[in-house]
Amino acid sequence: MKNIGLVVALKEEIEQIYPKIGKIVKKYNVCNLEVTEFRNSNKKIFLITSGIGMVASAIATELLIAKFGVEIVVNFGIVGALKKNQHLQNVVAVGELVHYDFSLDFADESKNGCYPEDRNNPIFVMTDFTKEFIRKFTNLEMVRIACGDKFINSTALKDRLVAQFNVDICDMESFAIFKACEIAKIPLISIKSVSDMADENSNNSFEQIVAQGINCYSNVIESVIKNL
């Protein structure tokens, strides 16, 4: 029986498509976080809704790894588009990540995103397993995501991130989930749906944004779980 972790920021991003995940068999409350266990064929799937932001998503991912022994983590969610070729309702897979608002050098912005293990390279890369899985079982484009604790709705910031890091999309959770998985030496598959253009016009209601994203990645969720 394979144990799979499923991390989403908000319940609204996933609850409408529970039947595509599997059959609910149990619910847990661990440190005031709700975990729902599903069964799907020979798989146990443990779903946690982390809440928004890097700290919350790191805690939730680590909880699934430490408490439920998940062997792989899958993350679904909605994102903002940074490059013009990323259109509303695009569904993509994360191949590379940048923690753009992390800095160890206040005087040199070119070092933004660089961690102590490599002070010259801010780009983190998904595992070979992840990249091969995406190529083999999906037709999704693999992209680079910018992550930070800020909802981006500024053309100026958007353009700066593209210029500095050559990033395609942005969110507030992916990098933290990735780091938790990296430390535990387990793979992460992260599927994202573009729900806004990360500019001054990104003012749709939360319900509209979520509905757009779910409609686009619901079938992908089913396919990913089936092939793990």
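## Aromatic pairs

How many aromatic pairs does the count come to? The count comes to 11 aromatic pairs, where rings of Phe, Tyr and Trp (its six-membered ring) pair if their centres lie within 6.5 Å, with planes under 30 degrees apart counted as stacked, over 60 as edge-to-face and the rest as tilted. The model is a predicted one, in which local features need pLDDT of at least 70 and side-chain atom pairs count only at pLDDT 80 or more, while totals for chains, interfaces and linings use all residues. Residues are numbered from 1 along each chain as its sequence is written, and side-chain values use heavy atoms, with hydrogens and water left out.

Tyr 28 and Phe 68 form an edge-to-face pair, 5.0 Å centre to centre with 65° between the planes. Because Tyr 28 lies in strand E2 (residues 23-30) and Phe 68 in helix H2 (residues 54-68), this pair ties together parts that are 40 residues apart in sequence; helices (H or I, at least four residues) and strands (E, at least two) are DSSP runs, numbered from the N terminus. Tyr 28 is partly exposed at a relative accessible area of 23%, whereas Phe 68 counts as buried at 10%, with buried meaning under 20% relative accessible area, exposed over 50% and partly exposed in between (1.4 Å probe, protein chains only).

## The surroundings of Tyr 115

The rings of Tyr 115 and Phe 124 are also edge-to-face, because their centres lie 5.4 Å apart and their planes stand at 85°. Tyr 115 is buried at 13% relative accessibility, and Phe 124 is buried at 9%. Both belong to one aromatic cluster together with Phe 102, Phe 175 and Phe 178.

Lys 179 lies over the face of Tyr 115, at 5.1 Å from the ring centre (a charge sits over a ring if NZ of Lys or CZ of Arg is within 6 Å of the ring centre and within 35 degrees of the ring normal). Lys 179 is also linked with Glu 117 and Glu 182 in a network of salt bridges, a salt bridge being a side-chain nitrogen of Lys or Arg within 4 Å of a carboxyl oxygen of Asp or Glu.

## Salt bridges across the chain

The count comes to 9 salt bridges. In one of them, Glu 222 meets Lys 20 at 3.4 Å, N to O; Glu 222 lies in helix H6 (residues 206-227) and Lys 20 in helix H1 (residues 18-21), so the pair ties together parts that are 202 residues apart in sequence. Glu 222 is partly exposed at 39%, and Lys 20 is partly exposed at 24%.

A salt bridge also joins Asp 171 and Lys 192, with the closest N and O atoms 3.0 Å apart. The pair links strand E9, which holds Asp 171, to strand E10 (residues 188-196), which holds Lys 192, 21 residues apart. Asp 171 is buried at 6% relative accessibility, and Lys 192 is buried at 2%.

## Nonpolar cores

The largest nonpolar core has 34 residues, of which Ile 48, Leu 64, Phe 68, Val 70, Val 73 and Phe 175 touch the most other members; such a core is a set of buried Ala, Val, Leu, Ile, Met, Phe, Trp, Tyr and Cys residues joined through side-chain atoms within 4.5 Å. The largest share of this core, 6 residues, comes from H2. Apart from it lies another core of 28 residues, including Ile 4, Ala 93, Leu 140 and Cys 216.
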